[in-house]
Amino acid sequence: MTVTVHAPEIESRPIWSHSCVLDDLAVPYSIDPAVVERLDTESGWARRWTARWKTVQAEVICPVQELANVPAIASVPVRGFTWRAGQRHRPGLQYLLATGRMHGFESLAERNLLLALDFAGEVVEVLSQPFKMRFTTADGSEDHTPDFLVLLPDTAVLIDVRPGHLVKDKDLVKFAATKWAAAAVGWHYLVASGWRRQVMTGLDALSARRRPMSDRLGLQGELLGLVRERPRRFGELAEETSLPAVARVHAVHLLWHRQLAMDLTQPLDDATWIYPVGRA
């Protein structure tokens, strides 16, 4: 996952629901390379910078260069999630089908990130507020807690979620330091500052039918068979089944589970084109 800004021509490309990854969905914040110059990256920096993890029994502090060796699965969030009257952000819990459990988030923007991760696939585990990193700059020491650590089969991704218009100068230094630390252990880093056009609207609609469903009437087979004949608009596809009202629900379920395909840059309605997987 690279931290770059999508060019306008990329923004206009389709996002195929059956094959997209997180990089296709998110708009990453571009980190100016000049910001790195404010960090202390002299020889031995990866030993001087530290990460503090929490477990149920104790705290674990390690040099940044050993991040990948920490048993992250045994950790708990280093910062608790609080709910109080009058607070401006919206914390909560989001269920992920990929992990089978609830995950904490501190804002609706973070909740959207969790939803996108669940759809993008290949997620092994998601850890909220995984550790607090202490790093040094030309002005002294600073702390930063990344929003999420996402464990994938062969690597990991550190993610910060910050809408682009809310990014401040002090955030840039923290983002640059986190990117630097992630690269030191072979991880990726992403600052999710927004989403491609229509993506969140589409994922929210599809997620309503992501949980396991029984199909005693065989409607999923009907839907897949019809689309294999030729792509159809969503409304037409449902109407050509033996029970259109129920078939709509199953079509959404198949879209979430990538057995049918659509362009996520388009709204999901009766006019949306639905394709067989492998032919979009």
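Colleague: Why is W16 called partly exposed?

Modeller: This is a predicted model. In it, W16 has a relative accessible area of 25%. Buried needs under 20% and exposed needs over 50%. W16 falls in between, so the label is partly exposed.

Colleague: What makes W16 and Y275 an aromatic pair, and why edge-to-face?

Modeller: Their ring centres lie 5.3 Å apart. The limit is 6.5 Å, so they pair. The planes stand at 85°.

Colleague: How many aromatic pairs does the rule give?

Modeller: The count is 6. One aromatic cluster is formed by W45, W49, F135 and W180.

Colleague: How do you know that R211 lies over the face of Y95?

Modeller: R211 is 4.2 Å from the ring centre. The cut-off is within 6 Å, and the charge must also be within 35 degrees of the ring normal. R211 is listed as lying over the face of Y95. R258 lies over the face of F119, at 4.8 Å from the ring centre.

Colleague: Why is α4 called roughly perpendicular to α6?

Modeller: Helix α4 (residues 108–120) and helix α6 (residues 199–207) pack at about 65°, with axes 10 Å apart. The range for roughly perpendicular is 65 to 115 degrees, so α4 gets that label against α6.

Colleague: Which residues make the contact?

Modeller: From α4, R111, N112, L115, A116 and F119; from α6, M200, L203, D204, L206 and S207. The crossing of α4 past α6 is left-handed.

Methods
Residues are numbered from 1 along each chain as its sequence is written. This is a predicted model: local features need pLDDT of at least 70, side-chain atom pairs count only at pLDDT 80 or more; totals for chains, interfaces and linings use all residues. Side-chain values use heavy atoms; hydrogens and water are left out. Rings of Phe, Tyr and Trp (its six-membered ring) pair if their centres lie within 6.5 Å; planes under 30 degrees apart count as stacked, over 60 as edge-to-face and the rest as tilted. Buried means under 20% relative accessible area, exposed over 50%, partly exposed in between (1.4 Å probe, protein chains only). Axes are lines fitted to C-alpha atoms, for helices over the stretch in contact, and angles run from 0 to 180 degrees between N-to-C directions. Helices (H or I, at least four residues) and strands (E, at least two) are DSSP runs, numbered from the N terminus. Angles under 35 degrees count as roughly parallel, over 145 as roughly antiparallel, 65 to 115 as roughly perpendicular and the rest as oblique. A crossing is left-handed if the near helix is turned anticlockwise from the far one by less than a right angle, and right-handed if clockwise. Contact means heavy atoms within 4.5 Å.
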